[in-house]
Amino acid sequence: MSYGSFPPEPGRRGGTLAIVLVALIPACFVGWLLWSSLGGSQGDGAGGMGGPTTSSTSSPPPPSSGAASPPAPSGESGRSGAPGKPLKGKVVVIDPGHNPRNRDHPSRIARLVDIGTEKKECDTTGTATNSGYPEASFTLDVARRARTLLEARGATVRFTQDGDRPYGPCVDERAEIGNKAHADAAVSVHADGAAAGERGFHVILPKSVRGGGADTSAITAPSRRLGERLRGDFAKATGSGPARYIGDGSGLDVRGDLGGLNLSTVPKVFIECGNMRDSQDAAELTDSAWRERAARGIAQGITDFLNE
């Protein structure tokens with residue numbers, strides 16, 4: 001290369017400087033290449049001139065700080081899905097129908113008690129599947145699962161019995177437990193014993209009755225709202241349809257002959273989760289995964305009612 005383009009003296013110093021620079025630039029470039037081939041500043045993947053180097057054993061670089069973070073998992077919640085305790089301060093009474101040991105005390109559960117409009121047996125043994133799985137075992141299992149869900153949402157949950165009594169309690173005492181607890185909602189869990197071939201669930205609502213110690217006039221309207229919430233959420237959770245053999249297929253039935261409803265002073269309903277005497281329903285009722293879904297439907301129905 002010719003350097004004749006540089007100016008003559010007195011600019012000799014400038015020419016000398018240019019010569020030095022021309023000599024240095026290739027040297028710097030060679031040094032940079034050597035530095036880059038050695039991996040640059042290997043202790044800082046984000047700060048070197050050449051950036052991080054990769055090899056067949058290196059891990060892919062982490063996502064940039066601008067990448068969207070996945071949403072944090074929410075806790076138990078109501079319909080809105082907002083995390084927290086949507087049932088904090090609420091009292092729920094769950095009444096697991098019958099008692100697994102009622103059959104050991106036939107004379108005690110057969111005695112009559114006043115249900116306001118008439119007298120009926122203290123309690124019954126309940127029904128069972130054809131294979132012998134008792135309704136009382138089913139109701140206690142579903143009730144316990146529902147309690148876990150409701151307590152996780154902040155509710156105070158009380159049982160009428162938790163397998164801790166020799167029999168009963170009687171139907172009048174079951175209602176009184178909910179009344180004394182000043183429950184915001186009470187649900188009695190059952191399974192039906194209808195004819196084989198009849199399938200589905202239904203919710204029993206209190207009829208407006210007044211007589212003796214019974215007066216449901218104040219609870220019929222809120223109990224219906226509770227029942228309607230249960231009907232919808234139970235169907236969604238379990239995939240079951242409303243029973244067609246009762247309540248005109250609506251999934252709701254109104255009765256005035258149940259002491260647990262007649263004597264209640266708090267919103268209360270019964271739910272018959274399925275027919276234990278039908279083989280298809282029985283296959284679901286005896287399945288633990290299905291019972292968990294049933295409990296979720298019950299818990300959600302209660303939650304939606306209390307969050308109205």
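Reader: Which residues are linked in a network of salt bridges?
Author: A salt bridge puts a side-chain nitrogen of Lys or Arg within 4 Å of a carboxyl oxygen of Asp or Glu. Linked through such contacts are Asp141, Arg145, Arg291, Glu292 and Arg296.

Reader: What kind of model is this?
Author: Residues are numbered from 1 along each chain as its sequence is written, and side-chain values use heavy atoms, without hydrogens and water. Local features need pLDDT of at least 70, side-chain atom pairs count only at pLDDT 80 or more, totals for chains, interfaces and linings use all residues, and the model is predicted.

Reader: How many residues apart in sequence are the parts tied by arginine 145 and glutamate 292?
Author: These two form a salt bridge, with closest N and O atoms 2.9 Å apart. Arginine 145 lies in helix α3 and glutamate 292 in helix α8 (288–306), so the sequence gap is 147 residues. Helices here are DSSP runs of H or I with at least four residues, strands are runs of E with at least two, and both are numbered from the N terminus.

Reader: Is glutamate 292 buried, partly exposed or exposed?
Author: Buried means under 20% relative accessible area, exposed over 50%, partly exposed in between (1.4 Å probe, protein chains only). Glutamate 292 has 23%, so this residue is partly exposed.

Reader: What is the order of the strands in the open sheet?
Author: Strands of a sheet pair through backbone hydrogen bonds, either parallel or antiparallel. Two strands pair if DSSP finds at least two bridges between them. The six strands here show mixed pairing, in the order β4-β1-β5-β10-β6-β9.

Reader: Which strands are at the edges?
Author: An edge strand of this sheet pairs on one side only. The two are β4 (156–159) and β9 (252–255).

Reader: What angle does α4 make with β1?
Author: Helix α4 (171–180) packs on the sheet, touching β1, β4 and β10; contact means heavy atoms within 4.5 Å. Axes are lines fitted to C-alpha atoms, for helices over the stretch in contact, and angles between N-to-C directions run from 0 to 180 degrees. For α4 and β1 the value is about 170°.

Reader: How many residues apart in sequence are the parts tied by arginine 174 and aspartate 95?
Author: Their side chains meet in a salt bridge of 2.5 Å, N to O. Arginine 174 is in α4 and aspartate 95 is in β1, so the gap is 79 residues.
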